[in-house]
Amino acid sequence: MRPRSIAGPVLLIVIGALFLLNNLNPDFRYLDMLALYWPYALIAWGVLRLVEVLVWQARSKPLPDACMRGGEWALIVLVCLLGSLFFFVNRHAWRDTGFMMRGTEMFGESFDYTLEEKKAAITGKACRIVIENLRGNARITGSDAGEIRVNGRKTVRAMTQGDADQCNKDTLLEMVQQGETWLIRTNQERAAGNRSVSNDLEVNVPKGASIEARGRLGDFSINDVNGDVDIHSENAGVRLQNIGGNVRVETRKSDIVRASGVKGSVDLRGRGQDLDLENVEGQVTITAAYYGDVQLRKLAKPLRMEASRSGALQLEVAKLPGEIRMDLRSFTGDNLTGPVKLSAPSLDAQVGDFTQSLDVSLERGDIELRPTKAPLGTVDARTRSGNIELSVPPGANFQLKATTRRGTIENDYGAPLIVEGKSRDEERNRKEHTTVLSGTVGQGPAVTLTTERGTVTVRKASAVNEKKTSLVIEKN
């Protein structure tokens, strides 16, 4: 019979002793000890097995064919994986993210503290304020008072009250002047060991101030500031209102970015869920992926959007007096000042009033064009797989060419539009039929509608249809 090993029982004794020590002395940071010194368990295991083999040999007992069984090797691999993961988690990953599965987040308690208020008088009309708040929310409000005032609350998660008190002392709020720049720091990176800190800040600033905010987890709300606003965060909801300067926001994750009443330009980068922009006087540039609802209203200057929304979406609009609504499956736009350009791999597009030219290109999806007033602009709408519908407003002049290769054409407009004959294409050894609807009404711009697979419908719009279309757009 193979002699039984004592390595397993000894290991259980050591682990049990650590937990007992934690119960007797709560200040003992056994989680940090395990994360840092777990390799010693493997060393101790190996030493015990080596001693056992030497003892068996000294007593002339038969040695086992293998010093380690298959189950023991599997357990060693598991210990290595778990130990490495726990070390990484304890030192890096979950300390700086919202998941926070460190020991304090699982077993610790929350301790709240009131931040000591910081004040500073500002002599000039304009200043630059930099806010560093790794975790927690910040609300910044501009006022006519010539001072910066910061207060709020701090939450510390720790195992004991003593640990929390020490962490509170180590992470005091600071406000430091560096020339014309005021730096507001929460110093959360000074939190030692298995403690985590979150600050909710209330910041009052002069209206002429420019704001630069940095964080990892927490929302930013900025109101009534006439300077520029620059926000960079790993995970934040951003709400801006009445901003006099330019706005730049970059997030890796966000539940919402909302901006209203911005006099300068807006530059959005990264990714997020919902987007809501309204009353922006400067140019809007969006190089970000938003996977929820996108609403854009009353943009006075060009809009340019490049986003990865189930593919590469591109949108360009000269001005937006009306509204654009988007989600992952649909695009609805009304009262767009052109030239307008929209391209996407998969999307259903509905466009109401537009001026100048309109260029819509889809890989898959239906296109519905419902301009309600003349004159028409140049139109080039094409989709590889989807239907196209055009409602022509009364009195509009145009030159139409509508083509479908594997579908039908419905001419509800009537004369002078006519359906041309069908032609056969033997390409790729299969028959394809191309149907063309063409005609000229007055001296108007070119209107080109093309679909590979789908139905093309052209009809006259009436006053009733115009009213129904307006109601549908408002309801959506």
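The side chains of R405 and E452 form a salt bridge, with N and O 3.1 Å apart. The term stands for a side-chain nitrogen of Lys or Arg within 4 Å of a carboxyl oxygen of Asp or Glu. R405 sits in the loop between strand 28 (398–404) and strand 29 (409–411), and E452 is in strand 33 (residues 446–453), so the pair ties together parts that are 47 residues apart in sequence. Both helices and strands are DSSP runs numbered from the N terminus (helices: H or I, at least four residues; strands: E, at least two). R405 is partly exposed, at 30% relative accessible area. E452 is also partly exposed, at 31%. The classes are buried (under 20% relative accessible area), exposed (over 50%) and partly exposed in between, with a 1.4 Å probe and protein chains only.

This is a predicted model, in which local features need pLDDT of at least 70 and side-chain atom pairs count only at pLDDT 80 or more, while totals for chains, interfaces and linings use all residues. Residues are numbered from 1 along each chain as its sequence is written, and side-chain values use heavy atoms, with hydrogens and water left out.

Side chains of opposite charge can pair when their charged atoms come close. The structure holds 27 salt bridges. One of them joins E281 and K263, at 3.6 Å from N to O. E281 lies in the loop between strand 16 (274–280) and strand 17 (284–290), and K263 in the loop between strand 14 (256–262) and strand 15 (266–272), so this pair links parts 18 residues apart in sequence. K263 is exposed, with a relative accessible area of 54%. E281 is partly exposed at 43%.

E306 pairs with R304, and here the closest N and O atoms are 2.5 Å apart. E306 is partly exposed, at 32% relative accessible area. R304 is partly exposed too, at 33%. Elsewhere, salt bridges link R128, E212, R214, D230, R248 and E250 into a network.

Now the overall picture. The protein has seven helices and 34 strands. Of its 476 residues, 41% count as buried. Its accessible surface comes to about 24,200 Å², and 52% of that belongs to carbon and sulfur atoms. Accessible areas come from the Shrake-Rupley method with a 1.4 Å probe; for residues, only the protein chains shown count as cover. Among contacts with a separation of 6 or more, 46% are between residues 24 or more positions apart. A contact means heavy atoms within 4.5 Å.

L315 is in strand 20 (residues 312–326). L315 is buried, with a relative accessible area of 0%. Leaving aside neighbours within four places in sequence, L315 touches L303, R304, M305, I324, M326, F331, K341 and L342. R304 in that list is the salt-bridge partner of E306.

G439 belongs to strand 32 (residues 432–441). G439 is buried, at 18% relative accessible area. Beyond its neighbours within four places in sequence, G439 is in contact with F398, Q399, L400, P416 and L417. G439 and Q399 are 40 residues apart in sequence, yet 6.1 Å apart in space, C-alpha to C-alpha.

Next, helix 6. The buried residues of helix 6 (residues 161–170) are D163, A164, C167 and N168. They cover an arc of only 135° around the axis, which puts them on the same side of helix 6. The arc is taken over the directions from the helix axis to the C-beta atoms. What covers these residues includes strand 1 (109–114), strand 5 (147–158) and strand 8 (196–206).

C167 is buried at 0% relative accessibility. Another cysteine, C127, is buried at 9%. The count of disulfides (pairs of cysteine sulfur atoms within 2.5 Å) is zero.

Y40 is in helix 3. Y40 is exposed, with a relative accessible area of 54%.
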